[in-house]
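I opened this entry to record what I looked up about how the parts of one protein pack together. The notes follow in the order I took them.

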Amino acid sequence: MSVLSKPYFHDETEAFKFVEGIIWPQGPHCFHCGAVDRLTSVTANPEKRIRHGLYRCGHCKGQFTVRMGTIFEESKLPMTKWLQAIYLMCSSKKGVSAHQLGRTLEVTYKTAWFLAHRIREAMRSGELAPFGQGGGAVEVDETFIGREPDVPVKRAFHHKLKVLTLVDRETRQARSVVVDDLRPETLGPILAANIAKEARLMTDEARVYGKLGRDYAEHATVNHQRDEYVSRTDPTIYTNTVEGYFSIFKRGMKGVYQHCGKKHLHRYLAEFDFRYSNRIALGVDDERRTVHALHGVVGKRLTYRSTDERKAAQG
Ligand SMILES: [Zn+2]
């Protein structure tokens with residue numbers, strides 16, 4: 001028996017049961033009126049076509065499935081394929097390209113592209129507790145990737161897309177944000193929203209952090225320019241964890257996602273954050289990671305209606 005032989009990857013009824021168990025741990029509730037009783041399972045609609053997971057509410061007479069209000073709602077793709085796609089994206093360390101996903105699931109590239117972006121949206125964390133609560137260490141660093149649209153290639157990183165990543169060293173969680181620039185006015189609010197005041201902030205010696213660091217209980221720096229990667233005076237001062245995150249991210253983006261525009265970068269980052277924060281070293285195996293991703297499908301419906309994004313899917 002392999003993981004891939006699980007019934008919910010092949011049998012639509014089993015797939016619905018699996019997803020319902022995660023989204024409705026207390027049993028089904030009516031999507032329209034919220035009722036939890038007088039709900040009956042409807043196996044066929046009037047045209048006698050089997051509708052998997054269809055329920056009818058005795059209160060409001062409405063019909064609903066577990067797909068409603070989730071990323072699954074707008075797609076006609078079978079739930080088994082959704083689950084296969086989520087599993088693939090959760091189990092490969094560097095991610096899966098839309099081309100690969102399309103070939104494996106036997107769907108078109110365009111379908112695979114939409115699917116992957118919806119799954120990334122499910123991986124995106126919602127409102128979260130700040131990092132460094134209780135005085136833990138939070139490493140912050142930035143990296144550069146790709147090309148900023150309409151910015152001429154000049155010096156250093158000005159023409160590249162900029163990513164700011166925060167890693168909570170105690171809980172081993174990562175959070176990444178695409179930023180337009182590295183000015184204190186830009187980075188300050190992001191740090192304030194995501195890092196507790198009592199945290200120990202760890203950065204490199206970049207000037208922007210000098211001022212921002214004063215808002216936290218401690219601000220320690222390592223001087224990369226002087227080849228210092230772990231502080232010589234205090235071995236708990238380093239930014240190696242966030243640098244490790246960047247190395248996984250860069251390898252993934254280079255190998256799997258060659259062309260990523262600015263407007264999609266945040267979704268790829270959500271995917272890398274998700275896998276990093278739910279990784280095997282933290283005791284999260286592929287299957288549990290898949291279940292975690294499924295917890296995120298509710299309320300994350302995406303509507304890719306704009307022509308721009310459709311063009312991007314084809315390009
Ligand atoms: Zn109802």
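**Helix packing and domains**

I began with handedness: H2 and H3 cross in a right-handed way. The model I was reading is predicted.

I then looked up the geometry of this pair. Helix H3 covers residues 98-105, and H2 packs against H3 at an angle of about 140°, with the axes 11 Å apart.

Which residues make the contact between H2 and H3? From H2 I noted Lys81, Gln84, Ala85 and Leu88, and from H3 I noted Leu101, Thr104 and Leu105. Sorted by class, the contact of H2 with H3 has 4 nonpolar residues, 2 polar and 1 charged.

Next I went to the other partner of H2. Helix H1 takes up residues 12-23 and helix H2 residues 79-91, and they pack at about 60° with their axes 8 Å apart. That angle makes H1 oblique to H2.

On the H1 side I listed Glu12, Ala15, Phe16, Phe18 and Val19 as the contact residues, and on the H2 side Met79, Thr80 and Leu83. I sorted the contact of H1 with H2 by class and found 6 nonpolar residues, 1 polar and 1 charged.

I moved on to a pair further along the chain. Helix H7 spans residues 240-255 and helix H8 spans residues 262-277; the angle between them is about 130° and their axes lie 11 Å apart. This angle makes H7 oblique to H8. The crossing of H7 and H8 is right-handed.

What makes up the contact of H7 with H8? H7 gives Tyr245, Ile248, Phe249, Gly252 and Met253, while H8 gives Tyr268, Phe272 and Tyr276. I noted 7 nonpolar residues and 1 polar in the contact of H7 with H8, and no charged ones.

**Domains**

I looked up how the protein is divided. Domain 1 is made of 71-124 + 266-315, and domain 2 is 137-260. I noted 26 Å between the C-alpha centres of domain 1 and domain 2.

How many residues does each domain bring to the contact? Domain 1 brings 13 residues and domain 2 brings 17. On the side of domain 1 that touches domain 2, I noted 6 nonpolar, 4 polar and 3 charged residues.

**Confidence**

Last, I checked the confidence values of the prediction. The mean pLDDT of the protein is 87, and 92% of the residues reach 70 or more. Residues 302-315 have a pLDDT below 50, and this stretch has 13 contacts in the model beyond near neighbours in sequence.

How values were computed
Residues numbered from 1 in each chain as written. Predicted model: local features only at pLDDT ≥ 70, side-chain atom pairs only at ≥ 80, totals over all residues. Axes fitted to C-alpha atoms, helices over the stretch in contact; angles between N-to-C directions. Helix = DSSP H or I, 4+ residues; strand = E, 2+ residues; numbered from the N terminus. Parallel < 35°, antiparallel > 145°, perpendicular 65-115°, else oblique. Contact = placed C-beta atoms within 7 Å. Nonpolar A, V, L, I, M, F, W, Y, C, P; charged D, E, K, R; others polar. Domains from an automatic or database assignment. pLDDT = per-residue confidence, 0-100. Left-handed = near helix turned anticlockwise from the far one by under 90°.
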